[in-house]
Structures are given as structure tokens and as C-alpha cells.
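I set down here, entry by entry, what I looked up in this structure.

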Amino acid sequence: MEARFLLGFLLLLSLSSFAFAIYEDQVGLADWHKRYIGKVKHAVFHTQKTGRRRVVVSTEENAIASLDLRTGDILWRHVLGKNDAVDQIGLSLGKYVLTLSSQGSVLRAWNLPDGQMVWETDLQISNPSNSFLHALGNVKSGRDSLSLVCNGGSIRAVSSIDGLVVWKKDLSVDGLKLKHVFQPPESDTIYAIGFIDSSLIALYHINAKTGELLKHATQASSVDLSSEISAISSDSLVALDTSRSNLLLIKFMAGTITNHKLPLSDIVQDFSGLAELIPTKSNDIFVVKTPSNVAFIKVKGDNEIELIGKADEAGIVSDSLTLSEEEQAFAVVHHSNNAISFQVRINGREALTEGIKIEDHRGHVKRVFLNNYVRTDKSHGFRALIVMEDESLLLMQQGEVVWSREDGLASISDAVVAELPVEKEGGVSVVEVEHTLLEWLKGHMLKLKGTLMLSTPDDMAAIQAMHLKSTERNKMTRDHNGFRKLIIVLTRSGKVYALHTGDGRIVWAHLLTPLLQSESCPSPSVLTLRNWRVPHRKALQENPSILLVGRCGAGPESHGFLFIVDSYSGKVLETQILDHSIAEVVPLPLADSSEQKLHLVIDDKLNAHLYPRGSDALEVFVREMANMYYYKVENAKEVIKGYAFKKGCSTGSSAYCFGTRELWSVVFPSDSERIVAAARRKINEVVHTQAKIMTNQDVMYKYISKNILFVATVSPKAAGGIGSAAPDEAWLVAYLIDTVTGRILHRVTHQGAQGPVHAVVSENWVVYHYFNLRAHRYEMTVIEIYDQSRADNKDVMKLVLGKHNLTAPITSYSRPEIATKSQSYFFTHSVKAIAVTTTARGITSKQILIGTIGDQVLALDKRYLDPRRTANPSQEEKEEGIIPLTDTLPIIPQSYVTHTRQVGDLRGIMSFPANLESTTHVFSYGIDLFYTRIAPSRTYDSLTDEFSYVLLLITVVVLIVAILVTWAMSQKKDLQEKWR
Amino acid sequence: MERSSALIGLIFLLISISCLINPISAAASGSGEGYSIAGRVKLDNFVTKGFGLGHSPKLSETKVILNGGQRTTFVRPDGYFSFHDVPAGTHLIEVSSISYLFSPVRVDISARNPGKIQAALTENRRALNELVLEPMKDEQYYEIREPFSMLSLVKSPMGLMIGFMVLVMFVFPKMMDGVDPEEMRQAQEQMREHGIPSISNLVAGRS
């Protein structure tokens, strides 16, 4: 009875601390947060004399940000919605940033200093197409200035102050695509020029203040026009024809249009191939890029053009920068080996050439944005923002890289964890020990002061600083607790980074795709990465390594390649271009004699290729082949198929190639069900115990199988987003399927529910999140599966007599009787990603990590998602830790693992175990990265940092003193007694 | 002071009157079937409150999200936001803010009665007659440190040890005093016979 009471007390104690929570001064102790912006596609410099110099950029990740030009730090950043790609950015009135997004249908203005959105205008464009923004400097109505947005055949003038549409003009001509708008100085008329169906040139005169159409003219073009143009002066522009070998010089004077065809071969000698017109806005100069070089061409007088400069290699050319009336500057950047040459050309002539060494893991230059500043001697200096192949951003000035940002990390597509090297045995000097001891004591004295609330603010700052720069956590070696690890991430550009869990710094980075680029592999892209060798036992001397798999072209049938990379140094150990395609990489729970993990690469013809290639790997695989199964979810066909492997494949006679044999298929009726989500258990998840003891001392056996696949389907009408389906025509069906036999273990239908569905499978349960249309709220459901065939093992007599089936192997071939328990709850937020904590031995209770719509990560105790919850739990159930049932899952702010940080555009959450059973690492990524360590049941197996050693020391000293004092006192007393 | 509060009250009254005159702004937009949803995020009552983040709440960080991410918009300085070209049907609006917790809002755009919009908080099913979104509570992400107290120190394991020591030092001798020395000696002898070592034994044995 007493023991029970104690147990209850302990549970109560643990109940009182549901949430993972930290104190404010613990921020940054175990966590780090890195902010990125993504691959820059537009940049506008703001370098006025007063105020901070900054550059406003928009990126492919739909982010807009203002960066400090001195340091590259983010001053502010906003991430727009997924379908809200930025088309153009501009500055207006010197204080607003204008962004045109969603294919020219939304115009927003942001306050330049702090990034507050000032106004937003929906331009109500019926058929969004390529559109452009033109800020009119001198169209003034009062103090306002207008910005023009052209889209197809319509123009809208938007006031810069409040975003109201001042006028709009639909030119209502079929096939009209406006190309350029300009306004002669000191005039109220604007000229809009466009092409109609690539054969007609049209010119419109429009009153800038009212939008009234004053005049229009059209003329047939002598060539078929492509969409590339370059505006060269206030009354002329250059267009490229569809054959990409002729230029058309178009002039429009006083309402008439003249056009003149100029073959490119006349201007540029040895011209061949297809030309490209680089869009610039400059005075009489335009840039043509041909396969062999870049030509700067000047227009002189009537219809005469002249080649004024050439850059020999096909470099990257920036937009033009106007220095003065006559002077136009371009930046041309070439890349060779590990240096880039940065050249500024003023009016086509070379004005400045600088060679800059950069790390070779950045690849080629992709984009360049030029900006100038005036030096003290009134000459022009130049700086350039350079976007590299790995999506990093560099600022270059005076021949050196001023700052660089690793913005490739904003597009992580996959991640794995690797161990750090083992610490080398080595002598630690006595001085060092004394020093650290002193530091240690000092630190603890400070901490004690902190706990006793005696510390001054200075001391507090010192404590914080001490926590942060603690060298222990940033060491490059393995630690006993497994807190220090490497997170190896793959980004969209194909660059691989190794991040240290201590502070998130980049240990090594490699851009691998250029190593492969060749005839046989034209456009390599890395698809996924896996742990290739995780040394333990036999191969402890070998470094761990990582497998990277990709394909050479865009199509699914293009050949694959693989890399093996050392995870300590990032060195490429092996490169191989495969003779087959890659559809999927299946890691197997097997390893060969040198601890290399076996992987099956499935190609598009459903053949399986075994890697690593080695006789012992083959032997291991062939021995286990009969127990290997593979399944494939074909979303498009609404089918799930299961396969077994057989010897000999359809495409070749290689011993490492195996064929597949279809075993089963689950076909969903396509007119009533669409697959929207599939999830399965992590293959390396550890389960501590199969038995679960119920309140009434009963035992339930969890049905633990690695082959459980969760699949969710919705009705076709509900396959769209929320708001598109009525509750009556929407349903969601959840299946649990055994992937070996294709047996449907459980099936449940939720009427009136729809996706998006996010699911996580762990141990014997699955938790999934979906939208309930009837209640119009999100819901989460938990299904737990129990093995009924083992349920009668409770009988002690049977156990004694050995008549139990506990030792029977768990196999998918037998059809165990299973029972499921399920419960649903409301959940407040939309969910972007869902994961579950994993610990080294699976003893610690689980938390579900939910990436919410607010880009935060919430750790929700699994106890809240327990089907045994009831509204009025009995005393015994309470003691066991069952929480009274509520209809909504609670969101406790302290249980956000990201606390006050946001992981912009959250895409994935990863949890991996530390060596310490209580603790797990959580890494979440989107545009930002966030890492922390959490202890779902608190750190029961180690003392926390909070533990005050000094207090302990003081206690011990006090105790010793007390013992001595009492001893002295008792002696004295004895003496007195004897004298008496 | 009083005057300014009166003024604020007047402004609030005016706002509420103006809100009564034009309830939820919803209008069929020019480009066809879509409707506009316009609303306001209001933090006024929350600004003065204690704040766990250490900086003042910023509207610029507040996003309004339609249907779980289909569209995202930002809040203007005055708190207003709008979605355009939204088809008729039932939609969900969420406000993402690091500083506050907002309830999602269910918005019904009637197809039969064009432009009629009804809104309700999904968390407590409260109907809104105007689309003004107010935070349910501000978010406190950190545990608050208990202020130092003697009690917590005493309650800690070390405190308990010291407490016990004190008890042994001062209370036990007093208890011993009450015992007759003869009985005490007898008891001690008995103990010695049974061979049970005890602290008092040890102390006595040393002397």
C-alpha cells in the first residue's frame, strides 16, 4: 500500500511538470537558431547618404528581406505564401519597398526601415501572366507618385502612398502583351509599347494622370518577335526574333513606329547558335549574350549599331547601372577554378577588373547585382552582390569578399545524423586543469549568486555569456552523453553541409554536382542522402560515411549516380555513375563485413540493384532475400503494390541486379478515394517493451511490426484545400496496411473530414491530423494496435507450464488477431509537419512534435493522445497518469520547443536520440534552422545544469562543521559530567 | 489623465458605432465569382499587459492565413487585412503571431446571398458580428523563476539535511535529558549486547 502511495506521489510529481519548459536565461544553452533568406533573385540597393546602407532582396523561397550592406545581417524579413512568388521588387518614394507578386496580381508596399507592411492592393487581374512593375518617378498628383503595373494588355496606376488604384486601362486587344512603358521627362503622356501575337508592334499614348487613351498605332514587324526586349532609350527598343539570330530595332517617334531588322551575324563576327538578349534599361547600349561571348552594342543615329565591347567567355552580366547621363556600367563576372574575375565595364569599355579568390565549394556564379558608391575623390567605386551556384550570397567590394551568407541552407531537402570522431587519448596539462578548475569554481560561485538572487545585472550577463561560450559543447569530438553530433544536410542546389549540434556552425560543406558534370551526366541533381557506414564493433577504425544518390537528368529514366562521402571531413571517397535509373533508395537493416549498410536502388523498371558491390554484401543479401519485401505507393494510380525480390533482372545480367515479383496490390476506387498521405515507422526506432500494463493490472501486448504502413485517402471532391468541399461530400479513410502481405489491419472512415493529412507512426500507434468540416476545426486521431493473440498469456499457470506463445517470433505471415483503440481530439492549429521524439532505448515517454502554421514546433505529450482517456478517470487511472478527457488538445506555450523563435516556412522536423536515454535532439528546418535538445520526461538520468554544486559543497562543509561542533560539545559535556 | 481616458473612450465609441454601421466588410469584387474578406486584428487591449518576450508586440510580424496556407497576407499598421477573390464556401482564417494566441475563425461566404459573410471563432463557437480578431491570450514561453525564498531552500534536499542536523543537535539532547540516566545506561547496555551500533553509541564510545 505504501509503495503504491509513493508511486502515486511520484506520478503526481511528474504530472505537475507536463511541459518541456525552459527559463528565459536558458535560451541558447542547448538550442540554436539560424535565419536565412534563400536564393536571391532580385536585389535593390538603398545606399543613400543618410541612414543605414541596405539592400532589399527577394528570393526563390518567396521571402523578401532587407540586409545590412555592411554585415549581411537580416534587418527584417517576411516570407510570403507558397503560391505568392515575387515577380519584381522596387523602391518607391525612397521609403517604401514595392513587391509585385502572384504573377502580377498583388502589389504590396513595405516600410523600408522596419518592414511593416504599409498597404496591399489586389490588382484583380483576370488572367495573370508575365507582368512588370514600372515606378514612375515624376508622375505626380499632389505629393503622390504613381507606380504602373502592366499585365498583358492592361495597365494599372497605383498610388504609392496608400495603394489605391488611381486609374486602370484595359486596352482590350487580343494577344496584346505590353512590353515596355516609358515616359519622356516633363510630360504627362506615357508611352506603352507591346507586341500583338509576335507579328504586330503596337504603341499607345496614355495620359498619365487619368489613364485616358490618347493615340494608338500599330505596325507589322518584319520578323517574328520573341518576348525578349531591351529598352535602350526614351524612343527605341531592341527585340530579338524567334529564330534568336536577328535583332529588330524599333523606334517610335511622334506616334509612328519604324522597325529595322539587323542580323546578328553582321554585328558580331563568328556568331552562331542562339542569342539571348539580356534585359537592361540603359542609354543606347544593349547586351547580347551568344554561346561564345557577350557583346555590348551601341545604337548610333538612325538604324546604325556598333559593337563597342566584348567579353570573351560567356560570363554573367548584371543589369545596367546608370552612373550619369552618358555613363552606363555593367558588371561581367567570370568564374574559373576557385577564383572569380569581376569586371566593370562603363559604356562597354573595361573600367575595373578584380580577381577574387573564393572557396571552391561555392560553384559557379549564377547572378550578379551591381551597385556603385562615390569615393572621397569623386570617382566611382563598385560593389556587387553575387549569387553563387550553391545559392550563397556574397558581397564583393575592392577585390575582396566583404561578407557571405550561406543561404543554400534555406532549402534543405534531406538530413541525416553522423557521429563525431572519438576524442584522442592525450595528456592534459596540469596548468590547464587548474585553470579550468578555477574557472569552474568561479562559474559555480556566480551561479550560486544567481540562485540566491544576490547577483547584479553584470553577474547575470556574465552567467549568460559563460553558458553560451562554454567550450565543452562545441568540441569536435564525441561526448559521453551523445549531445555533440553532426547533422548532415542536403540542399536543393546539391550542396552538402555538416552542421555541429553545439552551435550550428558549418563544419564542412561541399558542392558535389560540378564534380560529375560531363557529357554522360549533363545536369546532375542529388535526390537523397543516407548513412552508408555507421561504425561500431568491427569497423571502429573506419570513418563513418554518407551515401548520396542522385540522377543525371530531369526525367525519371535518366541515369543515376552515387557518391560516398566521409562524414568527418566531407571528402569524396567514391563516385560512380550508374547504368540504371533511380526511382527509390531502400536502406536495408543489413550490413556487410566492413559495416557498410546494404542499400537497394530501385530503378524505374522495378529492378533492384544492390549496393555496396562486394561479394560478402551479395552473400548477406542473398541469404536474407526471401525475407525482403518492397512496397510502392503509386499516388497517381491510387494503388499500393507489394513486391518480393527474385534473382536475375530484366535489364542486365549483373549479379547485383535483382528482379521483383508482385505479391499483392491494394487498389483504391479512384472515384471515391484519393491517396493523400502515407507514413510508416522509422526503421531504426527502438521499442523498449511490448507489454503495456493497464490500470487493472492487466497486460496488453502492443502489436509491434516494422511493416505497418499508414495510408489516408480522401474523397476526390475533398482533395482540394479547405473551403472547396461541403461536409456531405467529404470523407477521409485511414488504413493500416501490412506491407509484407498487403493485409489491411484496420480501416476507419471519418465522415466530413478532409486533408491535408499529416501522420506519424511509432511503436504500435499512429497519430494523424486532418480537418473536420462539420466542426470546422482541425482534429487529431490516435489509433493504437494491440496483439490479441498474446492476450491470454496472463495466466500464470500457463507461463509456469511453458504453454505460452511469448517466444514465438513475430511474423507478418501469421495473421494475429489485433485489437485497436482509438480516440479523436480537436487541435487548434494547422499543421505543417509532424514527428515523434526518439530516444536511445525507447524507455522515455514520447512526445509528438508538431510544426504549427505559426512556424513553431510544439511538443505534445503522447499522454494527451491516449485512447484510454476518459472524462472521469478513476483514482487508479489518475495514479497511472491518465489525463481527464477534454475535447481539445491543450496548447501550453511553455511546451513550444522553439520558444520565441520561428522557423520560417517550416518544412521538416527531425528527432534523433542522444546516448543519454532521457534526452533527444530535435532539428527543424525551413528557411530557418532550429535545433534543441529536449527531455520528454525530464532529465531523470543526469543532473541538469541547474544543479548547484556549490550549494552541495556548502552543505557538506556545514555538515562536517556541525559534526565537529557536536563532537566537541559532547566531549565538553562528558568532561563536565566526569568532574561533577 | 482622466480627460485622455475619456477621449479614448469616445474614440472607442466612435469606432464601435462605425463598426455597427458597416458590419463585416464583404463585397463581390470586380473579377467575377470571388468575394473579398476584410477584417481587423486588434491588439489594443493587450499592448499594455506584461509581456514575456522582452520587446513590444509588433504587428509587422503578424500574418493572416487563409485555409491552412492557401493564401497568406500581412496586417497593415492599423490592423486591417483582406483577402480578395475568395470563392463562396466555408473558410478558415488563422492568425499567426509569435506573441499571442488567436483562435482560428470560421468564415462562411454565402453563395445564394452574395456578399453575406458570417464569422465565428472555432475554439469557443462564439459568433462574431464583425471580423475583428482579438487574441485569446498572450503567450508566455518561459517558465518564470520562483523568487528566492527561505522555504524553497529549506525544502531542497540539502536544506532537509541541514534541518535534520539541527534537529539532531538541539532537539535530541533535550529528549535525552528527559530520560533517566539509569534507564539510559540500561538501554545502552542492552544495545551493546545485541550489537546494534548506533550514533549515540559511537559518540558515547569515543568519550
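Entry 1: I began with strand β25 (residues 294-300) of chain A, which pairs with β26(A) in the antiparallel sense over seven bridges. Strands here are DSSP E runs of at least two residues and helices are H or I runs of at least four, numbered from the N terminus; two strands pair if DSSP finds at least two bridges between them. Within this pair, I found A:Lys300 opposite A:Glu304 of β26(A). I then traced the open sheet of four strands, whose order in chain A is β23-β24-β25-β26, with antiparallel pairing. Its edge strands are β23 (276-278) and β26 (304-311) of chain A, each of which pairs on one side only. The twist averages 30° from one strand to the next, with axes taken as lines fitted to C-alpha atoms, for helices over the stretch in contact, and angles running from 0 to 180 degrees between N-to-C directions.

**Entry 2: basis of the values.** I note that this is a predicted model, in which local features need pLDDT of at least 70 and side-chain atom pairs count only at pLDDT 80 or more, while totals for chains, interfaces and linings use all residues. Residues are numbered from 1 along each chain as its sequence is written, chains are lettered from A and ligands numbered from 1 in the order in which they are written, and side-chain values use heavy atoms, with hydrogens and water left out.

**Entry 3: strand β65 of chain A.** I looked up how enclosed β65 (residues 929-934) of chain A is: five of its six residues are buried, so the strand is largely enclosed by the rest of the structure. Buried means under 20% relative accessible area, exposed over 50%, and partly exposed in between (1.4 Å probe, protein chains only). Strand β64 (residues 920-925) of chain A pairs with β65(A) in the antiparallel sense over six bridges, and a hairpin of three residues joins β64(A) to β65(A). In this pairing A:His921 stands opposite A:Arg933. Strand β2 (residues 32-34) of chain A also runs antiparallel to β65(A), joined to it by three bridges, and A:Trp32 stands opposite A:Tyr931.

**Entry 4: two single residues.** I located A:Leu370 in strand β32 (residues 365-374) of chain A. It counts as buried because its relative accessibility is 8%. A:Leu370 and A:Ala331 are 39 residues apart in sequence, yet 6.3 Å apart in space, C-alpha to C-alpha. A:Arg680 lies in strand β50 (residues 674-680) of chain A and counts as partly exposed, at 33% relative accessibility. Its C-alpha atom is separated by 8.8 Å from that of A:Val766, 86 residues apart along the chain.

**Entry 5: helix α9 of chain A.** Helix α9 (residues 949-979) of chain A has 31 residues and reaches 45 Å from its first C-alpha to its last, close to the 45 Å expected; the expected span is 1.5 Å times one less than the number of residues. Among its buried residues I list A:Val950, A:Leu951 and A:Ser970.

**Entry 6: the largest cavity.** I counted three cavities of 30 Å³ or more. A cavity is a set of points on a 1 Å grid over the protein atoms alone where a 1.4 Å probe fits but cannot get out, and lining residues have an atom within 4 Å of a point. The largest holds about 80 Å³ of space, a volume being the space filled by probe spheres set on the points, which are joined across faces, edges and corners. It is lined by 13 residues, and those nearest its centre are A:His829, A:Gln856, B:Val95, B:Ser96 and B:Ser97.

Note on methods:
1 Å grid on protein atoms, 1.4 Å probe; cavity = no way out; pocket = protein on both sides within 12 Å on 5 of 7 lines; lining within 4 Å.
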